[in-house]
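Here are my notes for your read-through, one point at a time. Keep the viewer open while you go.

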Amino acid sequence: MKRAAWAGVLVLAVLLPFFFSSYRVSQFTLVLAYAVAALGLNLLVGYSGQISLGHGAFFALGAYTTAILVAKSGWPHLATIPVAAAICFAAGFAVGIPALRLHGLYLALVTLGLAVATPQLIKRFDGLTGGTQGLSAPPPAVPGFLDFLAADQWIYLLNLVVAVLMFVLAAGIVRGKVGRALVAVRDNQIAARTFGVDLARYKTRAFALSAAYAGVGGAMFAISIGFVAPESFGLALSFSFLAAIVVGGLATVSGAIFGALFIEFVPVYAADVNEALAAVIYGGVLIVFMYVLPTGVVGLLRRLGARVRPRKGEGGEHAGTRFERGTADAGDGAGERVRAKR
Amino acid sequence: MALLTLAMVLASGCGRSDDDAGVGGGGGAEAAPGITDTSIKLGGSYPFSGPASAYASIASGAKARFAAENAKGGIDGRKIEFLALDDGYEPQRAVTNARRLVEQEKVFALFNTLGTPNNLAIWDYANQQKVPHVYVATGASAWGADIAKHPYTTGWQPDYVSEAKGYAEFLKKEKPKAKVAVLYQNDGFGKDLLGGFEKAVEGSDIQIVARESYEVTDPTITSQMRKLGASGGDTFLNITTPKFSAQAIAAVAKSDWKPLHILNNVGASKKLVLEPVGLENAKDIVSMTYFKDPEDPQWADDPAMQEYKAGMKEHEPKADPLEAFCAYGWTAASTMIEALKAMKEPTREALMDAVRNMDIEIPMLLPGVKVTTTPDDGFPIQATQIMKFNGENWELQGEVIEAGT
Amino acid sequence: MERFVETVIDGIATGSIYGALALALVLIYRSTGIVNFAQGEMAMFSTFGAWALTQAGLPIGLAVLLTLAASLLGGMIIERALIRPVEGSPELTLVTVTLGLFILINGLARWIWGSQNRGFPSMFGDGNVTVAGVSTSLESLGLVAVLLGVVGVLWLVFQKTKLGLGMRAAAVNPAASRLVGIPVGRMLMFGWGLAAVCGALAGVLVAPRLFLDPGLMGPVIIYSFAAATLGGFDSPFGAVLGGWIIGVAEALAGGYVDFIGQDLKILVPLAVILSVLLVRPHGLFGSPEVARA
């Protein structure tokens, strides 16, 4: 069932650029970049339980890697993504090592410092980064054989491919040995150790992975916006990623998508309602989300889904479940029947 | 059910129009987007939220000016619609706003977007789409320096390099052997001004004996001021934004250092800077300006000033007309209106033609300061006038200095 | 040598700013166990309230007193209405709520009062005084004096009064405290209220020098976090001392160490946080966290 849902989302995502205006498509492209970054943060926070307020720093590192390689060395855009990922992986590892000694709010503080220092470091190395003038990296042009695509569609689809890859990878990680180890580490470090989980190894790996994801997200961001400057990578960015994973749902893969949609669209809508009150609305919505949906949107969906789906262990009486479903949603015959059987 | 959701989401997309299919054109004699017989649509991106939101008053001034023009019947019967979007001073939001304004709102031109990095983020896009990107609200010299590469972009205010030249000229006359200590904001604005000043004093007897920078994220600038005070400089070049201008003036007032104090235009507001510091501490500070100061009593009976204040009161009552930023926005919008009036055809090319061939006076600009452009001169205003604070108001000094070549 | 003394004195004056806000941070942590990222914005908001009162004609002293009272109330209301519903939630939820508060309060201040820079009167006047051959403002001295006074009062309250004991108990072990009859909810409320008062005090002491706009505390808070970390998150005196140490370190680094320069000064508090947390996480004066195996 879950796979059918994901397939549906994929189809939606592929068809999207052909049904929405170019402006909306460019917004969705940003959503993809933020979603990949949020995915990384979720790996760190949701799955391995380490709070980081400095995710924006790795995002910036990835974005600048791409921008510098494209603008100064003429690299093709997609080729820069693995480089960004590798550099950020190393950086995340480097941060993860001292982070082993810290936990909870102390880690949050140190990573907060990282986020605050990022714009300054970008400015300091202005020979490389362009400093406050920023760096322009023109987005990739549509290749000749695909010239029926508009520029915005092409960039969106490129980013979609990358995003899909990152999501599949994440799902694999989460379901596999690493994911289980991370959850064990998060829930009970002492027990995990007795089970033979090498805490240090997994925690630093979590940092490195999450940083790599942020780096890829940053690279996608640079590709789609075409310009990087220190003002884009301040504290607000790290806050946004945190908001994204909490709103979307901690320790979920799909949550990253909802979170990214939230942080891209809500500020814009809030500003449309009232420019001066936009921040108040955004902060207020965030707070309310914590009261109403502490497990995020995905948490809500799962709760709703649990009511629809027959419970495991119960015979799942055919008539009964169909009745349940009948009230819950209009139902599409074939899919539901398959589920009930299981 | 899933298919239904799918269909619903895609349907909400409202489809794509032909314009989205490729890079927008807009050249030639065909009717341009954003302009009809009864309306002209303009768009801009400002920091209405976030740390730079004090500058959003510029948008208020501009909106009021356009509304005042509409009240008079508009331009040839066309009413101006000005859409100002919030970007929180973040370049990526400026980019999304620009895309929204050009592709979804289909504005005729982008007007007066604020912030150097934000405009740098969108000027390639605007020029590619051949959308006029005019009178941007920043003094970076980049906007006029390379017309060939970005023909659709122009600045408006005297750029920071011209401003710096003005100060250099003033010093060469008043204090030819000055030893200058500089405080500057560590970003494009500060560096541009400092760089312009350094270049302008080359070859003269003026020396720069100390340079201290600060970040907008610094809580205080005490240590910078201490170092500058101890540098042996007899002149203080203060390149700061209002909050830090106030801190710097206060620091000088409290110390034993009494230099000739030159304050840049952005930090020269009586309301935002000098009053909080205490007017008596601001005596003899030198700055420059190019438009009429709403707080200056000498313009109280000036018809342009009266029109400005009345227009602000009527169309943007929540804004404060005494704020220099509002006057800035009003005056920039006036320039835009002149350009639209001078436009020979309702096309973007014609607008750029008008923008690049101007020689006019705008009522709210100082007498002697004109908006002049030619196809080779991409800097609309390069004239400034030195002013000195007499303890109560800014007093204009000398003549208008023309910094352009 | 004189320049060195001047730099150190500058550092202490600046460090007092960090310490003032750090006090409020420490208070909240000590009484509720939460780190409140919105503390600076709450302080800024209170300061604006005081400013509005002075604009209405009240003398500064009265305006400040009224503001402190209002902040006490405000802090209590925020705890009861906004924090209590998520009490006991995982750390991340609390962090997100305080971050949401940060954004909301900042936006609210901008909406109500605008983003323009404005002045704020000093409670100690504008005079200067010569200390150790160096000229300092009365206002800086006043700040230091008030800080030490507040630290003293807090010490008395926490160590010598039943209320203080109750607050400490409620923070450390709410369940057991309830069993002993301590009204935990009220203790938490009071903790927030007290912290809000400290924050407001910090704001009105600091605003004359920094000038008032909604960005008043934004740059300060990271330094205050560093100060609180250095001093120990549950030690008010540690917070103030931490602030001074960081202020002086930053002034010396900016003044004498050239490769750091003025633009990387921000690395100083970060380096402090990191080294303290790695070497001695409970800071100079804090109590060590003991985990039961």
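1. Let's start in a strand pair: Phe111(B) has Val134(B) in S4(B) as its bridge partner. The two strands involved, S3 (residues 109-111) of chain B and S4(B), run parallel and share two bridges. Strands here are DSSP runs of E, at least two residues long, while helices are runs of H or I of at least four residues, both numbered from the N terminus. Two strands count as paired if DSSP finds at least two bridges between them.

2. Before going on, some ground rules. This is a predicted model, where local features need pLDDT of at least 70, side-chain atom pairs count only at pLDDT 80 or more, and totals for chains, interfaces and linings use all residues. Residues are numbered from 1 along each chain as its sequence is written, chains are lettered from A and ligands numbered from 1 in the order in which they are written, and side-chain values use heavy atoms, with hydrogens and water left out.

3. Back to the sheet. It is an open one in chain B, with four parallel strands in the order S2-S1-S3-S4. Strand S2 (79-86) and strand S4 (133-134) of chain B are at the edges with a single partner strand each, so one side of each has no neighbour in the sheet. Helix H4 (residues 91-104) of chain B lies across strand S1 (39-46), S2 and S3 of that chain, at about 150 degrees to S2(B). That angle is taken between N-to-C directions, from 0 to 180 degrees, with axes fitted to C-alpha atoms (for helices, over the stretch in contact).

4. Also in chain B, look at Thr384(B), which sits in strand S12 (residues 383-389). Is Thr384(B) buried or exposed? Its relative accessibility is 1%, so Thr384(B) counts as buried; the cut-offs are under 20% relative accessible area for buried, over 50% for exposed and partly exposed in between (1.4 Å probe, protein chains only). Beyond four places in sequence, its contacts (heavy atoms within 4.5 Å) include Pro158(B), Met288(B) and Glu399(B).

5. Chain A has 16 helices and two strands. Of its 342 residues, 58% are buried. Among contacts in chain A with a separation of 6 or more, 76% join residues 24 or more positions apart.

6. Which chains meet, and how? Chain A gives 43 residues and chain B 37 residues to their contact. About 3,400 Å² is buried between chain A and chain B, 55% of it from carbon and sulfur atoms; buried area is the accessible area (1.4 Å probe) two parts lose on being put together, summed over both. Three salt bridges cross this interface, each a side-chain nitrogen of Lys or Arg within 4 Å of a carboxyl oxygen of Asp or Glu. One salt bridge joins Asp126(A) and Lys191(B) at 3.4 Å, N to O.

7. For chain C and chain A, the buried area is about 3,500 Å², with 81% on carbon and sulfur atoms.
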